[in-house]
Amino acid sequence: MTDSNYELLSQLGLLNIDGFIFEKSLGGESALSSLYSKGKNRIVVKFLISPRNGVERERFKLEYSVLSHNYLNRDFGNNSSKEPLYFVGPITSYPLPSIAMNMKEFFSGMVLCFGYSYEEGTLLSDIKTENYSLEEKFLLLFRVASGLSYFNQTGYTHRDLHPSNILLLEDYIMPEYDGDRIENDPRIKFLDLGNCQSTTKLEQVPFRIERDAEEDLVFQDNNKRLLTSFTSMPPDFLEQGSETLNYDTWAFAVFAYKIIFGEIPFDLKDIKDVTALRNLDSMPLGVKNKLQELDDGPRLIMQHLLSWRGENRPEIHSIVRLFSWLTLRGNEFIDVGFIKKVIHNDGFDPYHNPLDDIY
């Protein structure tokens, strides 16, 4: 089978970049991501060919900039290597690919590319869960939520989150229960940050990362056009725009439902379908009946995750704790009244004071 990337890159004379030689195209959503190697050193090179407009160009540059420099490896003048000095978690679970080739421009800016270190792993979309037990499915979702919580430390939401953008590495570690503190080593990378959006506003932080990209231009474009599939976009985005709460929670909920039940919860083919869903007063009957197959704990968690009102969707860090109850403390997560209190307490045990573990 002809490799279309090879044919195009050959015509452009880009099969060899700084001594890195083209190996093959990569799967997933990025049609122009390809594997290059120099000896044993392998990198993923991502291309933008003939950007259609300035926003598309700045979006590509912003993705490179966020990978290169974010709130986990921010530079106060003493961190020129951009190591993730400010990442709270195991370094093996740093959630972003690491830049291995700086941004390059060819043909007077008509071709742009950058490279990041290649890591062996499996896309979530390639993991077959049909034969997983329910407990194994919950563990997988607990792991993904943990990785996504680490991603949020970058200061961005992903806003194009789907299984083809989630790379699971080997040798992950999910620990035993340790009070209300959950520090896992899920070893997950999140790819394709072209639609990412800052979670912080200038007045909320004492500094702002200066980027070689028009970040605000990209964010404005993010909020006036539908850039992702309806699977990743929460219905309330149509009403709330840039003020949409817990955007990535919706995408997590949709693929969590598919992992659990083998099908997506809502068939959203058209903008009218999204609008109809947003106008419903309660969960569609088919989804409600499916959720009734679950015990009270996972059923109530999924109902909140699938809310089309952002204020009712749990934040990502809360999802980690909620799935920790399902995987680590299931025997305590039975009483409906208690479950509801935990959900509305960000996943924390409402009767446990963490200070009791100190004094």
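I am working with a predicted model, where local features need pLDDT of at least 70, side-chain atom pairs count only at pLDDT 80 or more, and totals for chains, interfaces and linings use all residues. Residues are numbered from 1 along each chain as its sequence is written, and side-chain values use heavy atoms, with hydrogens and water left out.

Entry 1: I took helices (H or I, at least four residues) and strands (E, at least two) as DSSP runs, numbered from the N terminus. I call two strands paired if DSSP finds at least two bridges between them. I looked up strand S1 (residues 16-17) and found it antiparallel to strand S2 (residues 20-25), with two bridges joining them. Asn16 faces Ile21 in S2. Two residues lie between the strands of this hairpin, and Asp18 has a positive phi near 55°. I then followed S2 to strand S3 (residues 33-38): they pair antiparallel over four bridges. Here Phe22 is opposite Tyr36 in S3.

**Entry 2: S5 and S6.** I checked strand S5 (residues 99-106) against strand S6 (residues 111-117). They are antiparallel, with five bridges. Glu105 has Leu112 in S6 as its bridge partner. The two strands make a hairpin with four residues between them. In the turn, Phe107 shows a positive phi of about 55°.

**Entry 3: Gly121.** I found Gly121 in strand S7 (residues 121-123). Buried means under 20% relative accessible area, exposed over 50%, partly exposed in between (1.4 Å probe, protein chains only). At 30%, Gly121 is partly exposed. I listed its contacts (heavy atoms within 4.5 Å). Beyond neighbours within four places in sequence, Gly121 touches Leu167, Leu168 and Leu169. Its C-alpha atom is 6.4 Å from that of Glu170, 49 residues apart along the chain.

**Entry 4: H6.** I tested the length of helix H6 (residues 247-261). Just after H6, Gly262 has a positive phi of about 80°.

**Entry 5: Leu226.** I placed Leu226 in the loop between helix H4 (215-222) and helix H5 (237-240). Leu226 is partly exposed, with a relative accessible area of 40%.
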